[in-house]
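Hello,

Here is the structure I promised to pass on to you. Please have a look at it first, and then read on for my notes.

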Amino acid sequence: MKYRFRSTFKFDGEVTLGKWRIGAESFYNSKLEALDALFLLIIPGLNQWRIDNPGGNWVHNVRLAFTPNEHLKATFIMGNILNEEYTIRPALLEAPRNITLRLDYTF
């Protein structure tokens, strides 16, 4: 099938230490198996990108959360920590390394 990866792998783990939680996520996608030849003709640089990236891509994310009470939780998330250049759809690069601070409050 077009636009599918032959191999994928996903991992997500988390450890709770009192009011702290530490987590990590990793995933791997092999190279897209088949693309329409039209994409390779009309999207500049796509064919060269596929040549330069013959294998798959690993992406790693980490998170650290603190829950001081039952109503409040603060989470620090770093996505794509190695700043990997990758795509899961033809010619649409995914987000570079990013940092998110999330605050949850339950009423």
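**What I found**

Of the protein's 107 residues, 19% count as buried. Please keep in mind that this is a predicted model.

Let me start with the overall form. The radius of gyration is 18 Å, whereas a compact globule of 107 residues would have one near 13 Å. The C-alpha trace spans about 55 × 25 × 25 Å along its principal axes. As for the surface, the protein exposes about 7,700 Å², and carbon and sulfur atoms supply 60% of that area.

Next, the secondary structure. The protein has two helices and seven strands. Read from the N terminus, its elements follow the order β-β-α-α-β-β-β-β-β. If you look at contacts between residues at least 6 apart in sequence, 52% of them join residues at least 24 apart.

Five strands make up an open sheet, ordered 1-2-3-4-7, with antiparallel pairing. Which strands stand at the edges? They are strand 1 (8-17) and strand 7 (98-105); each has a single partner strand, so one side of each is left without a neighbour in the sheet. From one strand to the next, the twist averages 15°.

The pairing at the strand 7 end can be followed in some detail. Strand 4, which covers residues 72-79, runs antiparallel to strand 7, and eight bridges join the two.

Is Asn57 buried or exposed? Its relative accessible area is 9%, under the 20% cut-off, so Asn57 counts as buried. Which residues does Asn57 touch, leaving aside its neighbours within four places in sequence? The contacts are Phe27, Tyr28, Asn29, Trp49, Glu84, Glu85 and Tyr86. With one of these, Glu84, the Asn57 side chain also makes a side-chain polar contact of 2.9 Å.

Do write back with any questions.

Best wishes

Methods:
Residues are numbered from 1 along each chain as its sequence is written. This is a predicted model: local features need pLDDT of at least 70, side-chain atom pairs count only at pLDDT 80 or more; totals for chains, interfaces and linings use all residues. Side-chain values use heavy atoms; hydrogens and water are left out. Two strands pair if DSSP finds at least two bridges between them. Helices (H or I, at least four residues) and strands (E, at least two) are DSSP runs, numbered from the N terminus. Axes are lines fitted to C-alpha atoms, for helices over the stretch in contact, and angles run from 0 to 180 degrees between N-to-C directions. Buried means under 20% relative accessible area, exposed over 50%, partly exposed in between (1.4 Å probe, protein chains only). A polar contact is a pair of N or O atoms within 3.5 Å; within protein, one must be able to donate a hydrogen and the other to accept it, and residues adjacent in sequence count only if both atoms are side-chain atoms. Contact means heavy atoms within 4.5 Å. The radius of gyration is taken over C-alpha atoms; the globule rule is 2.2 Å times the number of residues to the power 0.38. Accessible areas come from the Shrake-Rupley method with a 1.4 Å probe; for residues, only the protein chains shown count as cover.
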